[in-house]
Amino acid sequence: MRPRRLGFPVKVMARDDLKSNDSRRSANNPHLKVSLEYIDRILDHLDRHDVRMYRLSSDLAPYATHPDMPQFHGMVAESDAELKAIGEKAKRLDIRLSFHPSQFVVLNSPNPELVRKSIWDLQSQAEMLDRMELGPEAVMVIHVGGTYGNIEESRTRWVDTWENLPEPVRRRLVLEHDDLRFSAADVLWIHEHTGVRLIFDYQHFWCLNPERSDLRETLAKILRSWPDDQQPKIHFSSPRTELREQVRVDPTTRKKTIRHVAPVFTGHADFCNPFEFATFMRTADGLNFDVMLEAKAKDLALLRLRPDLLRYAPDVAAQFGLQAEEAETLEEETDAVMDEGGETGGA
């Protein structure tokens, strides 16, 4: 079993000179080729820091499927050589790439026009991965969508849409349970009716589990949705716990008051709690998967988690190929991009 990969999504926070996509407005003629130049530099950065998994921006090809801007519709085909070069580089560096299309991609909507547009978006991203010539582990992760007042009918609509998806989309698509609408049990039901591969999300499992399913058992079922010759991946994040202060102004007196606001536990924390992460990984002992960290601090959270694991959970660190002799180097990497927190211990 090869060491597990750790990855992060889109934005590189350790380097403000590394952009994830061409974000210029349409009047400035942005292009996928420019985004791929940025990705080329990001891949060098990831390799330098031994990060072997990365989520590409869903806006990598700007306006490529905008219905009112046909001048951008050909940019994926126009970038064939550049996409192939990026794919070759990612394979040479052993960096696993993926997409997570935006929340506007909804395959179970009762609105056929929204479904049509969603499929177009997915076709575009699948085409990019295909032109990169990446293997089946380079996937597009989406959620089920809305409940529209009836979870059972909404799940069935997703299944019906799956039957009519273009082959490249079906080959790349994977489905994730969420924190408010569709539980792990719901996506397992969809898998039984379609064969679509699934993504386990640790935080979502705790936020929405009305069936009171067992964590390890559910994780194992979801991992089995992947063929034996493919490495599944999961999402991990810790819940936000910080107290926030909100300033409110009385509209009559203009007097300001400060209200304490408790966290919403569906929100992602900036970093990953290493104790929570280690406990989960020990619960999952014997199961094989890569881990995409969905912390708000992106790559900073990954850089911080690695030395934390070596310090607090060396058995878990070893699963990711981390060795004790790397601890000093990993600490230096972390110190180079962020300062250590203030006081420790006590309340």
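D50 is partly exposed, with a relative accessible area of 43%, where partly exposed covers the range between buried (under 20% relative accessible area) and exposed (over 50%), computed with a 1.4 Å probe on protein chains only. Its side chain meets that of R52 in a salt bridge, with 2.9 Å from N to O, and R52 counts as buried at 16% relative accessibility. A salt bridge here is a side-chain nitrogen of Lys or Arg within 4 Å of a carboxyl oxygen of Asp or Glu.

This is a predicted model, in which local features need pLDDT of at least 70 and side-chain atom pairs count only at pLDDT 80 or more, whereas totals for chains, interfaces and linings use all residues. Residues are numbered from 1 along each chain as its sequence is written, and side-chain values use heavy atoms, with hydrogens and water left out.

| Pair | Distance, N to O |
|---|---|
| R52 and D50 | 2.9 Å |
| R155 and D186 | 2.9 Å |
| R240 and E242 | 3.7 Å |

R155 and D186 meet through their side chains; R155 lies in helix 5 (residues 151–162) and D186 in helix 7 (residues 184–194), so the pair ties together parts that are 31 residues apart in sequence. Helices are DSSP runs of H or I with at least four residues, numbered from the N terminus. R155 is buried at 13% relative accessible area, and D186 is buried at 8%.

In the pair of R240 and E242, R240 is partly exposed at 24% and E242 is partly exposed at 34%. Salt bridges also link R2, R5, D94, R96 and D290 in a network.

Note on methods. Helix = DSSP H or I, 4+ residues; strand = E, 2+ residues; numbered from the N terminus.
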